[in-house]
Structure formats: C-alpha cells, structure tokens
Amino acid sequence: MKTTIDRLKMTAPELADKDEDSLQLWIDDAYSDVQLAKFPEALEERANRYLAAFYGHLNERSGKQVQTQTVSSLSMTYFESEGNNDPYWLEYKRLLDEYTNAGGKNRVIFY
C-alpha cells in the first residue's frame, strides 16, 4: 500500500512546507523501490513513508553540500552525502534488513 502526503508530513514535519507535487513524486519514487525490495504487504506503507522522507531530505541537501576544488586548470566538484546518518534512511534500512532479502543478506563486498 502506498503512503499518503498527509502521513508523510506527519512523519517528516520539516517537509510539510514543500509543494504537494514534490511530495507525491518522492512517494511515487519510493513506492517503486519498496515494491522492488519485496517488503511484506503489512510494511509497504511504512517503508514507503520513510524512504520518501529520505528522498525529501536528499532534495533539501542537494545544493548545500556541493563543493568544488580547483587546481590550475583542473576542477573537481563533489557532493558530500550524510545519507548514512539520516534517521529516515536508518529506519528504512532497518526495515529492509529485517524484513526483506534485499537488505544485505547474502551480499559480497570486495575491498
């Protein structure tokens, strides 16, 4: 089940001043990802809500943590993400790890 704009605003009140088109877009994008992760139906709405809140926070931070370094004629621009510390991401990740097979079980990491 897809979450609603009102439920997203209750979970992430700092996004309440955003236009409804943006909120709906984040909900729709997050819902697609939640469906691909194959959450149990009873948790789909909750996972959708937390991931949509995280997407809203990414949007808010997108212009604030961009840095450009220039040396001579070489320029590099990068984005510093704090996604791993975002409380909405952490709750979504916890649900993903606990209730789906997409959360990192059977994952191989090469160093």
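A polar contact is a pair of N or O atoms within 3.5 Å; within protein, one of the two must be able to donate a hydrogen and the other to accept it, and residues adjacent in sequence count only if both atoms are side-chain atoms. The model is predicted, so to speak of local features requires pLDDT of at least 70, side-chain atom pairs count only at pLDDT 80 or more, and totals for chains, interfaces and linings use all residues. Residues are numbered from 1 along each chain as its sequence is written, and side-chain values use heavy atoms, with hydrogens and water left out.

T11 is placed in helix α1; helices are DSSP runs (H or I, at least four residues), numbered from the N terminus. T11 counts as buried because its relative accessibility is 17%, and buried means under 20% relative accessible area, found with a 1.4 Å probe on protein chains only (over 50% is exposed, and in between is partly exposed). Contact means heavy atoms within 4.5 Å. Leaving aside neighbours within four places in sequence, T11 is in contact with R49, Y50 and Y88.

H57 sits in helix α3, residues 41-61. With 15% relative accessibility, H57 counts as buried. Its side chain and that of D86 are joined by a polar contact of 2.9 Å.

The next topic is the nonpolar core. In soluble globular proteins, nonpolar side chains tend to be buried together. A nonpolar core is a set of buried Ala, Val, Leu, Ile, Met, Phe, Trp, Tyr and Cys residues joined through side-chain atoms within 4.5 Å. The largest one here has 22 residues, and F39 and Y92 touch the most other members. At least two residues of this core come from each of α1 (5-11), α2 (20-37), α3 and α4 (87-99). Helix α3 gives the largest share, seven residues.

Which residues does F39 touch, not counting those up to four places away in sequence? They are V34, E44, A47, Y92, L95, L96 and T100.

A47 belongs to helix α3 and counts as buried because its relative accessibility is 0%. Beyond its neighbours within four places in sequence, A47 is in contact with V34, F39, Y92 and L95. The C-alpha atoms of A47 and L96 are separated by 8.0 Å, although these residues are 49 residues apart along the chain.
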